[in-house]
2 protein chains.
Amino acid sequence: MNTSVSRPGDGPFTERTPRVVAARALTRRAGRDKAGRFLVEGAQAVREALAHGRVHELFAAVPLPDDLAALAADAGVRVSPVTERAAAGLSETVTPQGLVAVCDLVAVPLAEALRGTPRLVAVLVGVADPGNAGTVIRVADAAGADAVILAGHTVDPHNGKCVRASTGSLFHLPIARSASVPDVLAACRAAGLELVGADGHATADLDQASPTGPAAWVFGSEAHGLSDDVRAALDRSLRVPIYGSAESLNLATAAAVCLYATAWRQRA
Amino acid sequence: MNTSVSRPGDGPFTERTPRVVAARALTRRAGRDKAGRFLVEGAQAVREALAHGRVHELFAAVPLPDDLAALAADAGVRVSPVTERAAAGLSETVTPQGLVAVCDLVAVPLAEALRGTPRLVAVLVGVADPGNAGTVIRVADAAGADAVILAGHTVDPHNGKCVRASTGSLFHLPIARSASVPDVLAACRAAGLELVGADGHATADLDQASPTGPAAWVFGSEAHGLSDDVRAALDRSLRVPIYGSAESLNLATAAAVCLYATAWRQRA
């Protein structure tokens with residue numbers, strides 16, 4: 001018998017239960033920053049969060065998969081049954097999975113994300129779409145990046161859609177955020193990284209001039225790319241060559257091509 | 001005065017006007033296949049469709065941008081004012097742009113898509129998500145692919161979300177679809193293409209063994225990848241190496257890395 005789940009004499013938490021109301025505030029950035037916590041939804045992501053020791057408590061409108069129940073018990077994480085409606089109120093998906101974890105924020109200070117001798121870092125500047133940001137975090141993780149840094153007016157990595165798109169990668173590598181783009185670029189340079197912008201208007205092609213040493217790839221917003229100010233502060237910019245008639249690549253696919261091209265050159 | 005736009009004595013078309021009702025049937029695959037037409041939405045995509053001579057007629061709830069009006073006039077395309085509600089009924093987006101073109105389907109027969117001596121082709125097998133399919137079409141276009149082929153139970157490329165995600169690339173390169181995966185693979189092989197599967201479970205890494213000659217990359221579904229049957233019918237499979245802790249890449253980013261890696265090797 002799992003005593004942390006059974007609550008004799010009580011029904012499941014509802015959307016009016018104070019702990020659920022408090023958790024619901026975490027669906028907004030201000031609430032997350034204030035509490036220092038965020039929400040992670042769905043069995044796969046919750047499993048990653050538990051494995052990385054980030055979970056504070058767990059709300060479940062469905063039976064926990066056995067391995068999750070064991071992970072939660074091992075970690076001493078409180079599991080509270082909630083109504084489907086309460087779970088839906090904590091969800092940002094169209095089809096809630098009925099399983100939501102309250103986690104400690106993952107973002108670390110800039111200096112911590114860049115400590116040691118990083119070789120490959122992804123910097124997002126002004127990226128507004130949380131799904132794009134999460135997909136880039138996943139790609140950066142896959143390509144072996146040492147950190148992802150969200151600079152300027154970039155979406156909060158703890159946003160529900162970003163968390164989901166990262167499919168667990170949010171927990172795999174250091175994530176830092178800073179409102180100051182110059183601070184981020186200076187910190188990357190101080191860490192020994194060449195600053196390389198991904199820029200569809202650059203004159204040099206990625207395949208001809210991919211970095212071979214330690215590099216921070218800097219990606220701009222979906223709509224506007226890199227600003228002139230940011231571009232001027234970089235060591236250089238490269239474009240993913242377009243061999244067909246497409247006007248451009250989207251952010252995540254461009255990031256995938258840039259990060260892998262550099263990962264391969266660094267390993268060659 | 002643009003006589004094709006002014007309709008003295010009439011108001012704009014409503015959602016009950018027969019031509020709008022007929023166009024609305026094109027939001028469903030059965031309606032598209034029956035009529036041989038599909039819908040293209042938003043100024044950028046409509047511009048591409050006009051430039052490629054695919055537009056049959058245009059519904060506008062907003063003033064046409066000058067260049068679009070000129071393109072439509074040059075092409076002799078009828079432009080009909082519609083109410084916002086009528087335009088919204090033809091839209092598959094949350095924020096309709098008020099501009100929808102009725103276009104001829106772009107899909108061509110398999111043999112036509114593969115004619116000549118193709119060097120790089122993308123084959124999607126069982127891909128269900130239209131946004132993913134459209135993004136892969138865009139990436140294939142960018143990487144200079146000669147064709148994209150949608151095989152088996154794969155989403156209709158004329159689906160509104162696929163059209164949107166392709167950002168015009170749907171009009172840039174031949175797109176074919178076939179319910180028979182064996183037919184598609186046989187046609188690719190007959191066209192001189194090596195059949196290479198993208199498979200996270202493959203033992204050979206993309207960077208070590210990317211095709212250098214003419215190749216068809218075969219991508220499986222988001223959820224299940226390539227089936228054993230398909231895998232057995234290929235010449236070989238490669239994986240995008242995962243250098244970090246991510247479990248996998250998503251379909252579009254994996255396709256971007258595979259297609260660009262091969263485009264570069266073929267050009268080296």
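This is a predicted model: local features need pLDDT of at least 70, side-chain atom pairs count only at pLDDT 80 or more; totals for chains, interfaces and linings use all residues.
**Notebook: chains A and B**

I began with one pair in chain B: Arg37(B) and Asp104(B) join their side chains in a salt bridge, 3.7 Å from N to O. The rule I used is a side-chain nitrogen of Lys or Arg within 4 Å of a carboxyl oxygen of Asp or Glu. Arg37(B) sits in strand β1 (residues 37-41) and Asp104(B) in strand β4 (residues 99-104) of chain B, so this pair ties together parts 67 residues apart in sequence. Helices (H or I, at least four residues) and strands (E, at least two) are DSSP runs, numbered from the N terminus.

Residues are numbered from 1 along each chain as its sequence is written, chains are lettered from A in the order in which they are written, and side-chain values use heavy atoms, with hydrogens and water left out.

Next I looked at how the chains are related. A rotation of 180 degrees with 0.0 Å of shift along its axis puts chain A on chain B, RMSD 0.0 Å (least squares on C-alpha atoms of residues with pLDDT of at least 70 in both). That is the relation of a two-fold axis.

Then the interface. Chain A and chain B each bring 32 residues to the contact (heavy atoms within 4.5 Å). The interface residues of chain A are 100% interface residues in chain B too, so the copies meet through the same surface.

I noted a buried area of about 2500 Å² between chain A and chain B, with 67% from carbon and sulfur atoms; this is the accessible area (1.4 Å probe) that two parts lose on being put together, summed over both. Arg138(A), Tyr243(A) and Trp264(A) supply 27% of what chain A buries against chain B, more than any other three residues.

Which elements give two or more residues to chain A's side? I found α7 (130-142), α10 (206-209) and α12 (251-267) of chain A. α12(A) gives the most, with 9 residues.

Salt bridges across this interface: I found 0.
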